[in-house]
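Hello,

Here is the structure I promised to pass on. Please have it open while you read.

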Amino acid sequence: MNGSRRLSLIILAAVLVVFVVSWILHTTGFQGDGAGTWLSVRDGFLVTLAAFLTLAIFSFLYKDNPYYKFAEHLFVGVSAAYWMCVGFWSTFVGNFIPRVSHTLSDFFQVPYKGFNVFYFVPLILGIMLLLRLSSKVGWISRWALAFIVGTTAGLNLIRYLRTDFITQVSNTFVPLLVDWKGIGPFFSDLSLSASGQFMLTLSNWVIFIGVFSGLIYFFFSKEHKGLFGTASRVGIWVLMITFGASFGYTVMGRVSLLVGRLTFLFQDWLGLIN
Amino acid sequence: MFAKSKLSTPALACLIVIILVLNTFPVAAQDIVSADTGTVFIPAPPTGVTAVDFKYDRGERVEISWTLSADDNERGQVSGYNILRAGGESDDFVPAGTVAAGIGSYTDKDVESGTTYRYLVEAIHAGGTVPSAVSAAVIPDVELINWNLANLFIIALLIGGAVIYFISHAKRGKKLFVRKIAGLEAVDEAIGRATEMGRPILFIPGINDMDDVQTIAGITLLSRVAKVVADYDIKINMPVARSLVMTTARETIREAYIGAGRPDAYSDDMVRYITDEQFGYVAAVDGIMVREKPATCFYLGAFFAESLILAETGNSIGAIQIAGTAMPAQLPFFVAACDYTLIGEELFAASAYLSNEPRQLGSLKGQDVGKFIAMIAIAVGVVAATVAGAWGGTFFIRLSDIMHRLFTIRN
Amino acid sequence: MKRQIPIIITFIVGTVLILSVFFPPFERLGEDFSIYFDIIAVFAFFLGGGNLIRIHGDKIFKRRKDWGFSLVTILGFFIMLAAGLLKLWNPGGIAADVAATGSLFQLMYDWIFNPLGATMYALLAFYVASASYRAFRAKNVEATILLVAAFVILLGRTPLGMYVTGWIPESFSILQIPNMAIWIMTSPNLAGQRAIMIGIALGVVSMSLRLILGVERTYLGVDNE
Amino acid sequence: MNNLGLIISALVIGLGLLWLLIRSLKGKEVERRVIFLFIGLSVSVPLLFNITFSEKATPIVRAVFDKIESLPPGSKVLISFDYGPSMAPEVEPMSDIILRHCMIKNHRVYLMGLWATGQSLSASAVDKIIKAEFPDKINGLDYVNIGYKAGNQGVLNVIITDFRKMYATDVDGVDLDSLPIFDGIKSLKDMNLLVSVGGGFPGIKEWVLFAADPGHIPLAGGCAAVSAPLLYPYYPRQILGLLGGIKGAAEYESALMKKYPELTDMPIPGIRMMGPQTLAHMVIMAFIVIGNLSFFFAGRKKQP
């Protein structure tokens with residue numbers, strides 16, 4: 001117990017030393033380009049802070065520790081306030097105020113767009129939500145929730161039908177025989193280019209069977225037995241290819257993000273690469 | 001045939017000569033404005049200006065089209081067109097818009113329904129503009145019904161009707177068969193495990209707000225989970241990323257506790273708001289996971305990149321994990337890292353499945369009718385496209401065309 | 001009655017929004033309602049922010065475990081909130097963009113929010129590796145298909161795939177791994193995605209109708225009848 | 001130096017993997033922290049030794065390049081920054097290179113964002129690319145940044161009918177009506193090309209659903225690799241082309257360099273990032289192989 005406490009104190013001291021040294025080095029480093037002393041002191045601190053926070057998050061990979069906890073708690077506080085400010089300025093001041101009050105529009109220096117009585121609907125619903133804090137009339141907040149759920153349901157029903165249903169169905173109207181020129185050319189060009197009929201045709205078959213059997217897999221009200229069961233099994237296989245492929249394809253993006261962070265550490269903080 | 005070729009031969013010869021001439025002389029030789037004389041080349045005006053009311057809108061658009069000026073070519077003698085509009089009785093034409101050379105249409109969106117408008121189009125050239133004749137008058141109109149969306153309406157009616165039919169059909173007490181969904185069969189087992197181990201349940205309803213149906217689907221599942229939780233007095237921990245979701249989830253869990261006859265056991269602390277920021281939220285949830293070590297984790301809702309961070313952390317603490325999302329991009333990660341995954345449609349079916357009420361199950365049957373419609377449409381579309389493409393045939397070409405029209409939204 | 005009114009509200013709002021799409025005089029309703037939703041969401045921030053302050057404030061005052069970290073949250077929250085709402089150090093004053101260069105808000109965003117968020121996201125590079133090590137094992141037919149598809153795509157995303165199969169002639173170029181990877185992405189993968197998307201659309205339609213018709217009302221804490 | 005680095009890193013990582021392979025043949029599972037260590041190494045080592053490869057544009061990337069290349073000068077291109085700083089390392093090279101290409105071709109560029117975080121990113125793109133590399137371009141005439149509005153797809157819902165209903169001013173507070181670049185522009189439908197760079201929500205999918213599809217406006221996209229497979233179904237009918245992940249950016253950079261060889265000083269973050277990628281992919285594949293060997297070996301041991 002005592003030993004581990006001592007160890008963590010030693011680590012804390014080491015971290016502090018690294019932090020201060022980095023701050024000092026970056027401060028002197030920035031002075032060269034003519035910026036004021038205050039600015040370079042500030043920037044030196046900021047670069048060091050960002051590097052510290054980056055390493056604190058990475059340390060979670062080893063195990064949970066106080067540095068991660070610090071970074072996590074700081075992140076929660078700062079980011080919650082960030083989104084509140086953005087919501088306040090862009091939605092409340094940007095969209096709401098210009099529709100309800102000329103005086104307030106002038107105060108916030110946003111162009112007044114004319115009074116619109118309908119903008120009191122969200123105002124009233126918003127107040128209803130806040131009444132949740134009172135135990136007596138708290139039930140009225142459900143009206144606001146009901147409004148939101150109704151909006152979501154109504155808007156999404158048509159949207160999903162339009163793009164995810166209708167468009168995906170019509171995209172699947174593919175010919176199962178593409179540009180037939182005879183057996184010879186058909187088998188001699190196994191490439192992905194537009195002249196490769198074999199692959200074009202095969203692709204269309206795969207898409208047709210894949211979508212069909214995939215849909216069969218999703219059937220709820222019919223038992224997956226016999227021919228239907230076989231089709232549904234093919235459907236699972238198609239889904240598995242989809243998942244495997246998407247997973248593999250994603251790796252690259254994830255590594256890029258790590259490259260980005262390590263570049264920050266090596267380049268902006270340590271100056272090892274340029 | 002003969003006469004045609006007789007005419008076209010000289011025409012072709014002329015064309016070749018023109019092309020040769022154009023290519024021989026550098027472009028500079030035929031300056032649009034000749035510096036020596038100061039004379040300005042004036043291009044021919046655009047012709048045939050028509051203005052028609054845009055169909056199926058609120059009477060706020062007029063579509064204007066015209067035949068390009070004969071001198072509108074790659075030499076840039078016409079640099080664009082001004083569209084001018086006169087409203088009502090006046091002959092005062094005001095600018096309505098400008099388009100680049102080579103474009104012969106414009107949609108004026110600055111009109112009011114019920115007013116009469118006339119249009120003219122000016123070709124813009126280096127020395128000024130050349131106006132066309134004035135178009136016939138047009139009155140933009142409010143159409144009450146958007147007939148362009150008739151196919152969407154029919155499809156919505158078919159699928160929606162099927163769902164509604166089976167919901168009301170089921171009300172009469174007919175029990176419907178529904179296949180097993182592994183992830184949902186496991187819900188009870190997963191909750192039971194938390195009871196045995198005396199550890200909490202973690203419930204994440206995704207990171208989107210209440211304007212996403214997936215979040216609502218997650219909340220409806222929460223109500224099922226909360227009932228069991230309230231009955232067995234298990235600790236539930238629900239960090240959320242949206243204030244509205246917090247409010248809704250509290251309502252849901254509180255009602256579950258009231259239903260179980262133990263309103264005192266409920267506490268608002270079961271659901272807590274963390275932050276709207278995706279990764280700030282994940283950082284906090286990761287912390288909660290390693291510190292409180294929940295026995296069971298539910299991830300039901302809309303997820304983005306955080307899906308795998310959550311699922312891998314949950315895996316490292318040995319939790320049973322049940323995930324469900326309609327985000328196709330995140331499904332692979334849940335499938336790889338969680339014990340059970342509800343794939344897309346299954347997430348929306350889940351609450352109906354767990355409720356075991358005939359009306360809810362009926363809606364699943366309605367969904368299946370939707371799938372059946374999709375499959376029939378795909379089969380017909382594919383056959384028509386194949387036959388029409390390979391062998392032709394009026395019937396199949398027309399059928400293929402109809403299928404495409406039925407499943408294309410024009411608006 | 002208290003329980004009936006919300007269901008009636010949902011029904012009316014949902015039905016009106018669905019129908020408004022088909023009637024040009026009302027086609028703007030959808031966009032108006034989207035704006036309303038955002039404004040309501042801003043009001044809800046009071047509830048969320050209040051909850052955040054209450055939980056962490058409680059920890060600090062009662063000196064619970066880790067209360068020092070809660071202090072970090074509260075400080076971060078209030079400094080950022082002040083920086084944003086009062087537009088501290090903002091060179092353009094109140095009329096300027098909240099995130100104008102040089103403002104305290106932007107400074108904290110660049111040097112605290114940004115590195116933290118980007119690093120959390122970057123953890124995925126590690127988790128992708130540990131998940132693929134554990135999950136991609138040929139346990140059964142389905143898992144083997146998952147494994148093979150992922151492996152081919154991984155190979156196709158590196159020059160390695162070209163080194164191994166680059167000798168295959170152009171007329172059989174589909175057998176070259178990078179092309180095979182592209183084909184898997186554009187054919188079977190596309191088919192699977194489509195089936196999932198069509199299914200989701202139907203799921204949303206059915207779910208929305210259950211909500212609008214009041215068949216599903218558990219989200220309101222109201223039991224289904 | 002490069003070769004030496006490559007050899008050393010290959011040796012260290014290779015020997016480590018070999019050791020793990022031998023252990024796994026004895027049926028031992030690899031601990032997750034060991035995997036984490038190898039990933040860390042495989043990414044940082046090539047970064048420090050700076051290894052690059054040249055790329056050839058695939059048709060789906062080529063389509064975007066050709067579209068911007070073929071639009072006449074002065075065409076109206078809207079670029080939407082639909083990402084945050086956390087996604088920036090992957091997609092920022094795309095918005096940068098597309099913006100640069102538009103500037104070279106003298107297109108009129110409208111910058112906006114559906115993500116709050118996109119606003120500062122589009123502002124920094126203006127500073128970094130337009131102001132630094134194309135100093136004679138005029139704000140309000142050749143380009144404009146109208147910034148972010150809250151409302152996700154709701155914003156698109158509005159600006160597809162009217163920009164001014166959502167945006168009264170640009171980011172500097174200048175009234176849209178006083179900007180020459182907005183003359184005769186009412187809505188998104190007046191754009192010649194929309195480009196959405198991003199990967200989450202709202203993103204390219206929302207642009208398809210709420211802008212390109214209903215308005216019949218050509219749309220190109222740049223997205224994180226994770227969202228690319230999901231967007232494939234929209235290609236080529238609803239999206240004319242797509243840059244998927246950093247590889248897409250690298251391909252675009254190569255295409256632009258080939259077309260304009262004079263751009264020697266152009267930053268090529270995409271091409272540079274492909275080095276660590278290759279090594280990381282190989283390490284992950286090695287772990288998949290090790291995992292399967294240990295699975296089969298452990299499984300066979302249990303059988304008798």
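Predicted model: local features only at pLDDT ≥ 70, side-chain atom pairs only at ≥ 80, totals over all residues.

Residues are numbered from 1 along each chain as its sequence is written, with chains lettered from A and ligands numbered from 1 in the order in which they are written.

The sheet: six strands of chain D form an open, parallel sheet, ordered β3-β2-β1-β4-β5-β6. Strands are DSSP runs of E, at least two residues; helices are runs of H or I, at least four; both are numbered from the N terminus. Pairing takes at least two DSSP bridges. β3 (143–148) and β6 (241–244) of chain D are the edges; each has a single partner strand, so one side of each lacks a neighbour in the sheet. The twist averages 15° from one strand to the next.

Strand β4 (193–198) of chain D: six of its six residues are buried, so β4(D) is largely enclosed by the rest of the structure. Buried means 20 or more other C-beta atoms within 10 Å of the residue's own, with C-beta atoms placed from the backbone. Leu193(D), Val195(D) and Val197(D) are on one face; Leu194(D), Ser196(D) and Gly198(D) are on the other.

Its pairings: six bridges join β1 (76–82) of chain D to β4(D), and Val77(D) has Leu193(D) as bridge partner. Four bridges link β4(D) and β5(D), where Val197(D) stands opposite Gly222(D).

Best wishes

Conventions
Axes fitted to C-alpha atoms, helices over the stretch in contact; angles between N-to-C directions. Contact = placed C-beta atoms within 7 Å. Buried ≥ 20, exposed ≤ 12 C-beta atoms within 10 Å, placed from the backbone.
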